Amino acid sequence: MKVRIFDTTLRDGEQTPGVALTPEQKLAIAHKLDELGVDAIEAGFPIISEGERKAVREIANANLRAEVCGLARTERKDIDAAVGAGLGYIHTFIATSDIHLKYKLNLTREQAVAKAVEAVEYAKSRGLQVEFSAEDATRTEREFLKSVFKAVTEAGADRIDIPDTVGYSTPQYIAAITKDAIEATHLPVSVHCHNDFGLAVANAISGIQAGAQCAHVTINGIGERAGNASLEEFVMALQCLQFENKYETNINSRLLYDTSRFVSKIVGVQVQPNKAIVGENAFGHESGIHTHGVLSNPLTYEPISPEIVGRTRWFQVGKHAGAHGVSAMLEEYGIQPSKEQTHEILERVKNLGDQGKHVTDVELLSITGEVMHQEGLRRLVHLAGFSVSTGIGNMPYAFVKLNIEGKDFIGTDYGVGPVDASINAIQKITGEIAKVRIKEYKLDSISGGSEALCEVTIKVEDAYGNQASAKSVGEDIVITSVQAMIDGINRIMLKNILKQKNLGP
Ligand code: MN
């Protein structure tokens, strides 16, 4: 069965506390969602502002494959604003629970039904496709909810949506009222679930199993309060778990991670590390037992292959690590310690872990260097030339010359400051060669005074999701940052070269 994905990242997602997007940002996200393969995009709530109408209009006119929808209360002016924004499809809603009717709308049940019917009839008279939501449906008296759905169906609604507005439903209850809605309307039914009790995805799936054809979801599960059902979790659960029926969506799952990062960056809401599918740790392994299992067969501790959602697995060493994990991580850098050396490296890693210290690949490589009495890693990238200018009245500007495996590359760029300009110039070179970008940048001052030492820690990532960390200490913030960046690039390129070698015949 094909399940329709109605994405509301740009409407309910934008209602996340503290989030506001410009029309340009909304349009960029809409294109990304379209590429991902969502069936419908709720672009916004046109009545609320001029900028919102502009954003909705641009998305409606962007020639997307997805249907574009806008939110409207059951008010003529809201519906007119949607038409004015170029929409042919609205999502109109009125609350139907007694608590909302009494304390928010000050309407009787009969008055609410009359308003709903009038709005649906008006929207149909304006030629719109109408999806009707009974807000707070899951706290609405069950028989009354059925009669509301029946009334709007007779008024011409095309689709019915069941919003679990405050995440109050159980999977059993949403299944029951989904069946009610289908029976009362014979229309396509959607479920719109919130995550106040962490059940949004479970409730959405339960609605689908009960016969709903569509779920309202958001990227990264963003939305009001605890958020909405997360698109990536919902889609992957339908695709990968065992159900009586087989479910499919039009989502290209390989784009999920990239879309998640894109939205997180623009919206400014970080994804929690332990979030399913798209969280930093979703395909990371540290414990020795797990690492050993995954190295011999990934299915031991991974329910799905990370590639399916556009990711790669990673290992980290720490106090739970084992020899297999340490060897595997070092092998990524082409380092093969003896059995005794591995044992000693592992001991030192565990010592650090017992002191509560986080062991990144920076520490692992430096420990390995000490144990093996080696200079360190093979270096592919060398800084061959560098200058930066900064001041007042001129944009900071950097010139960088890198030697990569014997060939010189030159990059120049501007930035908001000298560090930014230098990193931009480096990325101009490596963007083409290795598609490396900075994921994290942290600057600490080690001692006081103007000749203080600074410590720069960075994490870089390439287009394949490979990551590497690097740390550099020095007196000059700009040069120290450039060195950390080059170390990071070096590590990530080394990983890639060795990976390709291992894959090759
Ligand atoms: Mn909502």
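Leaving aside neighbours within four places in sequence, Ile 477 is in contact (heavy atoms within 4.5 Å) with Val 419, Tyr 441, Leu 443 and Cys 454. The model is a predicted one, in which local features need pLDDT of at least 70 and side-chain atom pairs count only at pLDDT 80 or more, while totals for chains, interfaces and linings use all residues. Residues are numbered from 1 along each chain as its sequence is written, and side-chain values use heavy atoms, with hydrogens and water left out. Ile 477 belongs to helix 16 (residues 477-503); helices (H or I, at least four residues) and strands (E, at least two) are DSSP runs numbered from the N terminus. The relative accessibility of Ile 477 is 38%, so the residue counts as partly exposed, a class between buried (under 20% relative accessible area) and exposed (over 50%), with a 1.4 Å probe and protein chains only. Between the C-alpha atoms of Ile 477 and Glu 455, 22 residues apart along the chain, the separation is 8.2 Å.

The manganese ion has Asp 12 (OD), His 192 (NE2) and His 194 (NE2) as its protein donors, at 2.0 to 2.3 Å. Donors are N, O and S atoms within 2.8 Å of the metal (3.2 Å for Na, K and Ca); water is not among the atoms, so sites may look incomplete. Along the chain the donors follow the spacing D-x179-H-x1-H. Asp 12, in the loop between strand 1 (4-7) and helix 1 (23-36), and His 192, in strand 7 (residues 189-193), are 180 residues apart, and the pair links distant parts of the chain. Asp 12 is buried, at 2% relative accessible area, and His 192 is buried at 4% relative accessibility.

An automatic or database domain assignment divides the protein chain into domain 1 (4-267), domain 2 (284-372) and domain 3 (381-501). The C-alpha centres of domain 1 and domain 3 are 44 Å apart.

The structure holds 1 cavity of 30 Å³ or more. A cavity is a set of points, on a 1 Å grid over the protein atoms alone, where a 1.4 Å probe fits but cannot get out; lining residues have an atom within 4 Å of a point. The largest cavity contains about 50 Å³ of space, the volume being that filled by probe spheres set on the points, which are joined across faces, edges and corners. Its lining consists of Tyr 257, Arg 311, Thr 312, Trp 314, Glu 461, Gly 465 and Gln 467. Domain 2 and domain 3 each supply at least three residues to this lining.

Technical notes:
1 Å grid on protein atoms, 1.4 Å probe; cavity = no way out; pocket = protein on both sides within 12 Å on 5 of 7 lines; lining within 4 Å.
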